[in-house]
Amino acid sequence: MSDLQYTARAERSSQHARVWKTIELCFEEASHLQILKRRDFLGRVGYPRKEGWTVSRAEPPHESSPRTELSFSRRGFRTVLVLDLISHEANRGPRAIDLHAYSSERVYDMSRLPSSSDAVANVSGELAAARAELTRLQNRERELIEEIRSVRTAANAEMDRINSLLKRRHPGPITRLPPSVLSDIIYRTICNTHPESDAHRCTKRELAGVSRRWRHAILNCPQLWTTIVIEPSWSSPLVMAHVKRSGACPLDITITKWSSVNHTPQFQQLLGLLVTCGYRWRSLDIRKNSGPFATLILESIQYMMFPAMKRVEISETQISDCPLFLTSHYAPALEYMTLSKGNSINQIPNTTGLRSLGVHLADDMSGSLLLSSLLPLHQLSELVLSGTGTEWPEADSIHLPALTSLTLILSNPRPALAALTTPSLVYLGCSRGVLNTRFVRARSGYWAHIFQDFPNKFATVRRLRLFDTTSDSSIPPADAADAQAVCTACPGVRQAELPADVISSLFAKDDTPADHWKDLKELTIKGLTVGKIPRILTRWLTKRKSNRKSPFKVTFCEFNTTGSPDASGCWMASLDKLLYGHCVLELKDVPLKATLNLDSSRALVDTRGTSKVYDSLDMTKTRYMWCCDCYNSAKI
């Protein structure tokens with residue numbers, strides 16, 4: 001509080017001598033008595049005044065009256081000081097002073113206050129004690145400050161020592177990787193984790209818990225948040241986190257595993273979060289959804305615009321009508337489309353920029369309508385047809401000038417091959433199909449039935465792949481007519497990938513069909529039985545070398561272990577010896593059959609060095625050990 005300033009004057013009376021008095025001004029504010037200040041009562045020294053206080057003095061009715069009243073008031077609160085001056089002598093001051101202070105509620109008798117001399121003595125003693133205590137505390141403060149300074153100096157020295165030791169320590173290789181390389185490694189790890197929904201829902205969380213640096217790399221890499229899977233195990237906060245952390249990057253959307261009607265509200269909520277950013281959709285994968293959800297998906301995105309979408313794949317989701325969002329008006333950048341099992345779309349939507357198309361034809365779907373709808377697709381370069389289909393178009397009626405890759409996995413590929421005209425075809429993949437065995441045997445072999453009427457039709461094909469999608473052991477192996485039909489239809493093959501049952505007919509002794517492939521550079525044989533030596537192929541390679549033709553690469557993969565003889569001997573060594581100098585031999589995923597004789601008196605340590613195998617006396621175990629690395633002789 002600031003000093004209270006009061007104004008007062010002392011009146012000299014003819015009955016009183018000059019009086020010097022020292023009083024304690026006391027008044028009450030809010031029912032609390034406070035002693036403010038010791039002042040000279042005479043006019044030479046005025047009373048302290050506080051802003052808002054008013055002072056008035058009541059004159060005695062008679063000059064002989066010894067009483068004087070001073071009134072103090074502030075905001076309706078009034079305090080009155082009553083001064084009674086009793087007998088006095090001139091020039092010596094009064095012998096007694098009766099000082100009263102009262103308010104509207106109480107009156108305080110000031111004569112009971114201690115005398116000035118006693119108060120001064122008490123204050124002097126307390127003041128000396130307070131000064132002594134202050135000196136002691138100041139000395140203690142200086143001691144503590146010095147101690148803090150010494151502790152701080154020691155802590156800084158230890159910190160510098162720790163930093164120097166950290167600089168001298170060599171961190172691990174993974175901690176020295178640049179952030180971009182670390183993010184790329186994490187991205188590849190997540191992409192190779194299956195199923196895809198768990199990779200982006202769980203794997204990222206596990207990798208983020210490895211260290212603070214990994215967590216920072218994951219949270220600040222937008223490419224790790226571009227794949228969003230709309231399925232029952234995903235929540236709205238998880239979808240929103242992917243949308244926000246992906247920034248402005250294109251999104252890969254997958255809608256899968258919706259079957260229960262009870263999940264309809266959740267599905268609508270999750271899909272609603274993504275509809276607002278449809279302009280960022282780069283790919284859309286719809287698979288494994290029941291009928292009601294297929295309809296709900298189409299209704300939700302039927303009229304949406306997807307300016308950045310390039311890839312669409314729909315599988316195991318029943319769609320009968322052609323969706324409008326697949327047309328060029330709604331998806332002008334669409335280049336890759338796959339309509340797998342479950343759909344019954346007979347006509348491909350008008351997508352002028354489409355480059356790759358894969359369609360599965362159901363039993364009741366018209367092949368003629370499907371292939372006819374491909375005519376406006378002038379940029380189509382890759383086509384994959386699977387299934388069955390009926391009512392195929394006439395021969396050479398479908399002209400696809402830009403098609404460079406054709407794969408047919410049909411029950412009968414012949415009608416499709418006959419209908420298509422592909423002047424730029426480079427790759428041809430064809431399955432053997434599931435034709436009636438009696439019908440084929442009555443005429444010719446499987447491959448002959450497919451290719452016999454197309455001599456030189458696929459002369460531009462440089463890579464030929466023939467494969468078998470059935471496991472019917474009753475089907476007879478390919479004969480000479482099969483090999484002749486294949487080589488005649490595709491005379492310009494440079495890379496051939498063939499099943500093992502074609503070797504005997506393709507590389508026969510007399511009039512070898514493989515001689516039509518004069519530019520052959522690479523040969524891949526699939527399904528060779530382990531332990532068997534393809535001696536017909538060996539003789540053909542020897543004959544080819546004698547004609548001074550350069551050797552080419554021969555690869556064996558996807559070996560057959562059913563009914564194979566004992567290959568624990570020198571099968572691979574014999575194969576390498578026979579083909580040495582005639583080709584570059586490569587073996588992929590070779591199953592090695594090993595026989596281990598285990599004795600109870602000895603412990604056999606596993607090849608990995610992690611466990612020991614014990615068995616009874618003279619017990620024989622046989623197992624297959626699959627080699628993931630390729631065996632490449634690299635011999636010419």
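**Entry 1: ground rules.** I am working with a predicted model, in which local features need pLDDT of at least 70 and side-chain atom pairs count only at pLDDT 80 or more, while totals for chains, interfaces and linings use all residues. Residues are numbered from 1 along each chain as its sequence is written, and side-chain values use heavy atoms, with hydrogens and water left out.

**Entry 2: the whole protein.** I looked up the secondary structure and found 15 helices and 30 strands. Both are DSSP runs numbered from the N terminus: helices are H or I with at least four residues, strands are E with at least two. Of the 636 residues, 37% are buried (under 20% relative accessible area; exposed is over 50%, partly exposed in between, with a 1.4 Å probe and protein chains only). I also checked contacts (heavy atoms within 4.5 Å). Among those with a separation of 6 or more, 62% are between residues 24 or more positions apart.

**Entry 3: H6 and H7.** I took helix H6 (residues 264-275) and helix H7 (residues 291-301) next; their axes come within 12 Å and cross at roughly 30 degrees. Axes are lines fitted to C-alpha atoms, for helices over the stretch in contact, and angles run from 0 to 180 degrees between N-to-C directions. The angle makes H6 roughly parallel to H7. The cut-offs are under 35 degrees for roughly parallel, over 145 for roughly antiparallel, 65 to 115 for roughly perpendicular, and oblique for the rest. On the H6 side I listed Thr 264, Phe 267, Gln 268 and Leu 271, and on the H7 side Phe 293, Leu 296, Ile 297 and Ser 300. I sorted these contact residues into five nonpolar, three polar and no charged. Here Ala, Val, Leu, Ile, Met, Phe, Trp, Tyr, Cys and Pro count as nonpolar, Asp, Glu, Lys and Arg as charged, and the others, Gly among them, as polar.

**Entry 4: H2 and H4.** At what angle do H2 and H4 pack? Helix H2 (residues 179-191) and helix H4 (residues 212-219) pack at about 80 degrees, with axes 10 Å apart. They are therefore roughly perpendicular to each other. Pro 179, Leu 182, Ser 183 and Ile 186 of H2 meet Arg 213, Trp 214, Ala 217 and Ile 218 of H4. This contact has six nonpolar residues, one polar and one charged.

**Entry 5: one residue from each side.** I looked at Ser 183 in H2, which counts as buried at 13% relative accessibility. The Ser 183 side chain reaches the backbone oxygen of Pro 179 at 2.9 Å. In H4 I picked Ile 218, buried with a relative accessible area of 2%. Ile 218 and Leu 182 are 36 residues apart in sequence, and their C-alpha atoms are 9.2 Å apart in space. Leaving aside neighbours within four places in sequence, the contacts of Ile 218 include Ile 186, Leu 207 and Trp 225.

**Entry 6: Glu 497.** Is Glu 497 buried or exposed? Glu 497 lies in strand S22 (residues 495-499) and is buried, with a relative accessible area of 11%. Its side chain makes a polar contact of 3.0 Å with the side chain of Arg 465 and another of 2.4 Å with that of Lys 526. A polar contact is a pair of N or O atoms within 3.5 Å; within protein, one must be able to donate a hydrogen and the other to accept it, and residues adjacent in sequence count only if both atoms are side-chain atoms.
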